[in-house]
Amino acid sequence: MAGTTIDFEAVYRALPGMVALLTPDLVFADVNEAYVRGIGRSRESLLGRYVFDVFPESVNAPASHHSHQLRASLLRVLATGERDSMALQRYDVESPEHSGDWHEHYWSPVNSPVLGPDGRVRLIVHRVEEVTEFVRARGLGGDAAGRVLEAELYTRARELQELNNRLREAHAREREVALVLQKAMLPARRQVGHRRAAVRYRPAVGALNVCGDWYDLVDLVGGHRIGVSVGDVVGHGLEAAGVMGQLRSALSAASRVADGPAQALNVLGRYANVVDGAESATVVTTFIDFDRQGITYSSAGHPPPVLLHDDGRVEFLDRATDPPLDARPDPRPRPEASTVFSPGATLVLYTDGLIERRREDIDAGLHRLAESLRRHRTLDPEPLADTVLRELLPPGGATDDTALVVVRL
């Protein structure tokens, strides 16, 4: 079969299950043959139409709220970029031959996203399995037994839907708590206000995706120097936010007494070794000396900072990159590198949510960042930070948290 060209459109049309493709506007883009047979409508009567114009709420079963539940499921897919399985649904279908003649049907729907290169949902695969005959189950012991089984299945489906709703509400509450905790542990704007710096934090789209991204700016001992760092903790929710706070505080303290950024990361690495949840965390830290017009930096598995020179030249600070924290059983001293700048240059630190996209090489994201900075290099840090986020993050929001620090040197 090597080298065989596959006609995926023909495969889609021949799928045995009922499958429809919906646009982000919830309009039918395509349906397969099984879907046409299952709902008893022609393909031409569906394509280009809004799904809830085709399937209004059944007048025969108004309590089922099928349209509301389907709409909520489709919107969750658009917001999170993740698959959403619905509980068993009753939705009665009107006979195409006899207006007003409704027939009882039961469906098991699953909605899955098709993502574009930018991580945005381009299509929703709406897969439906009809289970009407199974629900009726008239052959399992007579009409009465079938109705009992139908009622039991329907009740269990409603219970499952309610449980899913409670779980989503619980995750939403955890997300809110994690965001508040994360905000409380990050440095306030007033701490960087006297410097020509801007900081931004954007949480990921979706109720379950609060992560452990963080940033820090600290005054260093000796001369006109500051330390600027960003980091990323693996994981989600309150646990990641708690680990983030511990690592940020430890690095902030270590930076104030360390000889350089590599020594600060050495100390942080040993501390991370005893912090549950700190495994594979990444961080990059820079020491900026304004008197000598130099930057010394060290990275533990983190994307490289960007130095935008005042002439538009972009320099990635990638000559001192090492594995993430706690990646070695016997830690070795981390590397350190230096570079110089002229007044008016800009230093940018960020987390991977700014540049990474599904199924895309990271170099493409780095190129986008470099071009955006070069185009807008005359902007002050605050508008520059906003512009970079607007140009690089997907319109619907990123699927990973994003931290960004912009410092005018």
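**Figure 1. Helix H9 and its buried residues.** In this predicted model, the buried residues of helix H9 are Gly365, Leu366, Leu369, Ala370, Ser372 and Leu373. Seen down the axis of H9, these buried residues fall within an arc of 165°, so they line one face of the helix. Asp363 and Arg375, on the other side of H9, are exposed. The helix comprises residues 362-375, which is 14 residues. From its first C-alpha to its last, H9 reaches 20 Å, close to the 20 Å expected at 1.5 Å a residue.

**Figure 2. Helix H8 and the side on which its buried residues lie.** Helix H8 is formed by residues 261-272, twelve residues in total. The helix reaches 16 Å from its first C-alpha to its last, and this is close to the 16 Å expected at 1.5 Å a residue. Pro261, Ala262, Ala264, Leu265, Leu268, Gly269 and Ala272 are buried in H8. Because these residues cover an arc of only 155° around the axis, they are on the same side of H8.

**Figure 3. Alanine 250 of helix H7 and glycine 269 of helix H8.** Alanine 250 is found in helix H7, which spans residues 237-257. With a relative accessible area of 21%, alanine 250 is partly exposed, whereas Gly269 in H8 is buried. Alanine 250 and glycine 269 are 19 residues apart in sequence, and their C-alpha atoms are 9.9 Å apart in space.

**Figure 4. The open sheet of five strands.** Five strands, in the order S9-S19-S18-S14-S15, form an open sheet with antiparallel pairing. Strand S9 (197-202) and strand S15 (314-316) are the edge strands, each of which pairs on one side only. From one strand to the next, the twist averages 15°. Five of the six residues of S9 are buried, so S9 is largely enclosed by the rest of the structure.

Figure 5. Strand S19 consists of residues 402-408, and seven of the seven residues are buried, so the strand is largely enclosed by the rest of the structure. Thr402, Leu404, Val406 and Arg408 point one way from S19, while Ala403, Val405 and Val407 point the other way. The residues of both groups are buried. S19 pairs with S9 in the antiparallel sense over six bridges, and arginine 202 stands opposite threonine 402 in S19. S18 also runs antiparallel to S19, and five bridges join these two strands. Leucine 347 stands opposite valine 407 in S19.

**Figure 6. The pairing of strands S14 and S18.** Strand S14 comprises residues 306-308, and strand S18 comprises residues 346-350. Their pairing is antiparallel and extends over three bridges. Valine 306 stands opposite valine 348 in S18.

**Figure 7. Alternating side chains along strand S17.** The side chains of strand S17 (residues 337-340) alternate between two faces. Strand S13 (residues 294-300) pairs with S17 in the antiparallel sense over four bridges. Valine 340 in S17 is the bridge partner of glycine 294.

**Figure 8. The aromatic pair of phenylalanine 28 and tyrosine 35.** The structure holds three aromatic pairs, and one of them is formed by phenylalanine 28 and tyrosine 35. A pair of aromatic rings is described by the distance of the centres and the angle of the planes. For phenylalanine 28 and tyrosine 35, the centres are 6.1 Å apart and the angle between the planes is 55°, a tilted arrangement. Phenylalanine 28 is buried at a relative accessible area of 2%, and tyrosine 35 is buried at 3%.

Figure 9. Tyrosine 50 and phenylalanine 52 form an edge-to-face aromatic pair, with 5.6 Å from centre to centre and 75° between the planes. Tyrosine 50 is partly exposed, with a relative accessible area of 30%, while phenylalanine 52 counts as buried at 8% relative accessibility. The charged end of arginine 71 sits over the ring of phenylalanine 52, at 4.2 Å from the ring centre.

Technical notes: Residues are numbered from 1 along each chain as its sequence is written. This is a predicted model: local features need pLDDT of at least 70, side-chain atom pairs count only at pLDDT 80 or more; totals for chains, interfaces and linings use all residues. Side-chain values use heavy atoms; hydrogens and water are left out. The expected span of a helix is 1.5 Å times one less than its number of residues. Buried means under 20% relative accessible area, exposed over 50%, partly exposed in between (1.4 Å probe, protein chains only). The arc is that of the directions from the helix axis to the C-beta atoms. Rings of Phe, Tyr and Trp (its six-membered ring) pair if their centres lie within 6.5 Å; planes under 30 degrees apart count as stacked, over 60 as edge-to-face and the rest as tilted. A charge sits over a ring if NZ of Lys or CZ of Arg is within 6 Å of the ring centre and within 35 degrees of the ring normal. Two strands pair if DSSP finds at least two bridges between them. Axes are lines fitted to C-alpha atoms, for helices over the stretch in contact, and angles run from 0 to 180 degrees between N-to-C directions.
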